[in-house]
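The following briefing goes through one protein model for a reader who works with coordinates. Please look at the sequence and the structure first, and then at the notes grouped by topic below.

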Amino acid sequence: MQRNQAVQIPQEVRQKVEKRDSWFGHPCCILCGSPRGKGNAHVVPRSDNGMGIEENIVTLCWECHTKYDNSEHRGVLRDEIVRYLKKYYPNWNEDDMRYKKCVG
């Protein structure tokens, strides 16, 4: 698999993430609870080879997604997101979320 394919979020991954992050049947932002959440936020960012896999994607509303990507609060928000993911994936490890080019 090439890097561009690995970091994209396939529709089936979005659907699984939004189902995982649903409250009362509606996908919600895992940070603020807004029902306007979308399953399209990379925890390990694409710019750092973060893959578009279920374990690396969370549902965030536009406001929280922007805050996560572009504010001084990123570290605190990331810690909260990782705690949330570890409830579903106890062995969650940041390095496992990165695309690694296969050589050979």
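Asn49 is found in the loop between strand 3 and strand 4 (57-60), where helices (H or I, at least four residues) and strands (E, at least two) are DSSP runs, numbered from the N terminus. Phi of Asn49 is near 65°, a positive value in a residue other than glycine. At 26% relative accessibility Asn49 counts as partly exposed, on a scale in which buried means under 20% relative accessible area, exposed over 50% and partly exposed in between (1.4 Å probe, protein chains only). The model is a predicted one, in which local features need pLDDT of at least 70 and side-chain atom pairs count only at pLDDT 80 or more, while totals for chains, interfaces and linings use all residues. Residues are numbered from 1 along each chain as its sequence is written, and side-chain values use heavy atoms, with hydrogens and water left out.

**Backbone with positive phi**

- Phe24, which is not a glycine either, has a positive phi of about 55°.
- Phe24 has its place in the loop between strand 1 (22-23) and strand 2, and with 85% relative accessibility Phe24 counts as exposed.

**Surroundings of Val7**

- Val7 lies in helix 1 (residues 3-7) and is buried, its relative accessible area being 5%.
- Asn49 is one of the residues that Val7 touches, the others being His42, Arg46, Gly50, Met51 and Gly52, when residues up to four places away in sequence are not counted; contact here means heavy atoms within 4.5 Å.
- Val7 and Arg46 are 39 residues apart along the chain, and their C-alpha atoms are separated by 5.8 Å.
- For Glu72 and Val7, 65 residues apart along the chain, the C-alpha atoms are separated by 24 Å.

**Salt bridges**

- A search of the whole structure finds seven salt bridges, a salt bridge being a side-chain nitrogen of Lys or Arg within 4 Å of a carboxyl oxygen of Asp or Glu.
- One of them joins the side chains of Arg36 and Glu63, at 2.9 Å from N to O. This pair links distant parts of the chain, 27 residues apart, with Arg36 in the loop between strand 2 (26-27) and strand 3 (38-42) and Glu63 in helix 3 (residues 62-70).
- Arg36 is exposed, with a relative accessible area of 54%, whereas Glu63, at 38% relative accessibility, counts as partly exposed.
- Asp69 and Arg74 also form a salt bridge, in which the closest N and O atoms are 3.6 Å apart; Asp69 is partly exposed at a relative accessible area of 40%, and Arg74 counts as partly exposed at 22%.
- In the salt bridge of Arg98 with Asp95, the closest N and O atoms are 3.9 Å apart. Salt bridges that share partners join Asp48, Arg78, Glu94, Asp95 and Arg98 into one network.
- Asp95, a member of that network, is partly exposed, with a relative accessible area of 41%.

**Helix 3 against helix 4**

- The axes of helix 3 and helix 4 (residues 74-88) come within 7 Å and cross at roughly 120°, where axes are lines fitted to C-alpha atoms, for helices over the stretch in contact, and angles run from 0 to 180 degrees between N-to-C directions.
- Helix 3 and helix 4 are therefore oblique to each other, since angles under 35 degrees count as roughly parallel, over 145 as roughly antiparallel, 65 to 115 as roughly perpendicular and the rest as oblique.
- The residues that meet are Lys67, Tyr68 and Asp69 in helix 3 and Arg74, Leu77, Arg78 and Ile81 in helix 4. The residues of this contact divide into three nonpolar, no polar and four charged, with Ala, Val, Leu, Ile, Met, Phe, Trp, Tyr, Cys and Pro counted as nonpolar, Asp, Glu, Lys and Arg as charged, and the others, Gly among them, as polar.
- Glu72 has its place in the loop between helix 3 and helix 4, and Glu72 is exposed, with a relative accessible area of 70%.

**Tyr84 in helix 4**

- Tyr84 has its place in helix 4 and is buried, with a relative accessible area of 11%.
- Leaving out residues up to four places away in sequence, Tyr84 touches Arg20, Asp21 and Ile30.
- The C-alpha atoms of Tyr84 and His65 are separated by 15 Å, the two residues being 19 residues apart along the chain.
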